[in-house]
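Subject: Structure handover

Hello,

Here is the structure you were going to look at. Please open it first, then read my notes beside it.

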Amino acid sequence: MAGHGTDEHPHGADRLCDAGDRLYSRAVRRGRVPRADADAVQCLLELALLHPDPDDMDWLVPTAPQEVMTRLLRGVYDEVSASQRRVGSAVAAFEWYAGLGPRLPAAAPEGTAIRVLDGLSRIQAAMDEATEACTTEVLTVQPGGIRPEHELTEGLHRALALRGRGVRMRDLYTHVARHGQGLLNYLELMGGAVQARTLDEVIDRLILFDRTVAFIPANADRTLALELRHPALVEYLVTVFERLWRLAIPLTAPLPDTGIDGISHRERSIAALLAEGYQDAVIAERLGISVRTCRAHIARLSETLGAASRTQLGVRIAQVGLDGASHPADVGSLTLPEQGSRTVR
């Protein structure tokens, strides 16, 4: 969403101007602000951070911060997905053109902007080389759920070597990774050298060394990888990481409350994806959980919201604002069917 706004306020919801920040903060604290106060900060209306109070059109009410964060994450995820598709198209085109001429030696010259690494041993060797050359910073995105012990153990020698040289590391995981004791043990071992944050969803695996070289998978089973050294590509991936990092929650901080009794943070994420029409297997993959766990959460959602069918569940998700289209302030004190003690707060 960054970049959308008027000429006077050329920014997105993730970096408000000072006037917009003050007014939106006041609206969140007080629940609403006079419409006249927004005359000088139309950016808040254009970014849908404020909208008219249906009970009194002279007042504006704020969009819930959780909803804004969800909207931003969807935009970033779509941008990254489109970029990955463009990278794949560029690689396919290059390979086609390369086939038109005489076969060149397999070894790529030093400094190649995009290098295809075929096989786990070659990927490992390139990663070790980048680790040895790294002097300041490593940024990583680790998708999926709980990190297996063997993965953490395999990368431990590189992480310890980096820590010994004073290299700082920042890691992004899904919220599910919080439940892995192996990750907690790894972070305790690394001390202050590693910072970790989590999100509902992250992009595919990404490793950035010193903001000069990046590694991303090139196929589903990760036996192919791309080593990227083109400054524009690397800078783009750094920007993506930094935006996700700002939206992520520190591993040591609790996940925010959903505002609805009986609905967990993970179930809210599942509900939003259900509202977008995704199937159970896709939702499970994006959130880093098993399909069985995903379906158990869906069953609890149905029970909590009083839905007897999948269609009715979709309706109830929209009614209580779990689809991202509204927030608790929009639905007042809606009582959940057959569970009178559970209300939207």
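Start with strands E8 and E9. They run antiparallel and are joined by three bridges. Strands here are DSSP E runs of at least two residues, helices are H or I runs of at least four, and both are numbered from the N terminus. Two strands count as paired if DSSP finds at least two bridges between them.

A word on the source. This is a predicted model, where local features need pLDDT of at least 70 and side-chain atom pairs count only at pLDDT 80 or more, while totals for chains, interfaces and linings use all residues. Residues are numbered from 1 along each chain as its sequence is written, and side-chain values use heavy atoms, with hydrogens and water left out.

**The strands around E9**

Back to the hairpin of E8 and E9. Phe209 stands opposite Val213 in E9. Three residues lie between the two strands, and Asp210 takes a positive phi near 50°. On to E10. E9 and E10 pair in the antiparallel sense over four bridges. Ile216 stands opposite Leu226 in E10. These two strands also form a hairpin, this time with six residues between them. Arg222 in that turn has a positive phi of about 60°.

How many residues of E9 are buried? Four of the five are, so E9 is largely enclosed by the rest of the structure. Buried means under 20% relative accessible area, exposed means over 50%, and partly exposed is in between (1.4 Å probe, protein chains only).

**Another sheet**

Three strands form an open sheet in the order E1-E3-E2, with antiparallel pairing. E1 (33-34) and E2 (50-53) stand at the edges with a single partner strand each, so one side of each has no neighbour in the sheet. E1 pairs with E3 (residues 56-62) over two bridges. Pro34 stands opposite Trp59 in E3.

**Salt bridges**

The structure holds 13 salt bridges. The term means a side-chain nitrogen of Lys or Arg within 4 Å of a carboxyl oxygen of Asp or Glu. Look at these pairs.

- Glu227 and Arg115 meet at 2.6 Å, N to O. Glu227 lies in E10 (residues 224-228) and Arg115 in E4 (residues 114-118), so the pair ties together parts 112 residues apart in sequence. Both residues are buried.
- Asp204 bridges to Arg222, with the closest N and O atoms 3.2 Å apart. Asp204 lies in the loop between E7 (194-199) and E8 (206-209), and Arg222 in the loop between E9 (213-217) and E10, so this pair ties together parts 18 residues apart in sequence. Asp204 is partly exposed at 32% relative accessibility. Arg222 is partly exposed too, at 30%.
- Glu242 and Arg211 meet at 2.6 Å, N to O. Glu242 is in helix H7 (residues 231-247) and Arg211 in the loop between E8 and E9, 31 residues apart. Glu242 is buried at 18%, whereas Arg211 is partly exposed at 36%.

Glu242 and Arg211 also belong to a network of salt bridges with Glu137 and Arg170.

**The cores**

A nonpolar core is a set of buried Ala, Val, Leu, Ile, Met, Phe, Trp, Tyr and Cys residues joined through side-chain atoms within 4.5 Å. The largest one has 42 residues. Among those with the most contacts inside it are Leu199, Leu206, Leu208 and Leu244. The elements that give two or more residues to this core include E8, E9, E10 and H7. Leu206 touches Leu139, Thr140, Val141, Ala214, Phe215, Ile216 and Leu237, not counting residues up to four places away in sequence. Contact means heavy atoms within 4.5 Å. A second, separate core of 26 residues includes Phe209.

Ser269 is found in H8 (residues 265-275). Ser269 is buried, with a relative accessible area of 10%. Leaving aside neighbours within four places in sequence, Ser269 is in contact with Asp200 and Leu287.

Just after H9, Gly288 takes a positive phi of about 75°.

Best wishes
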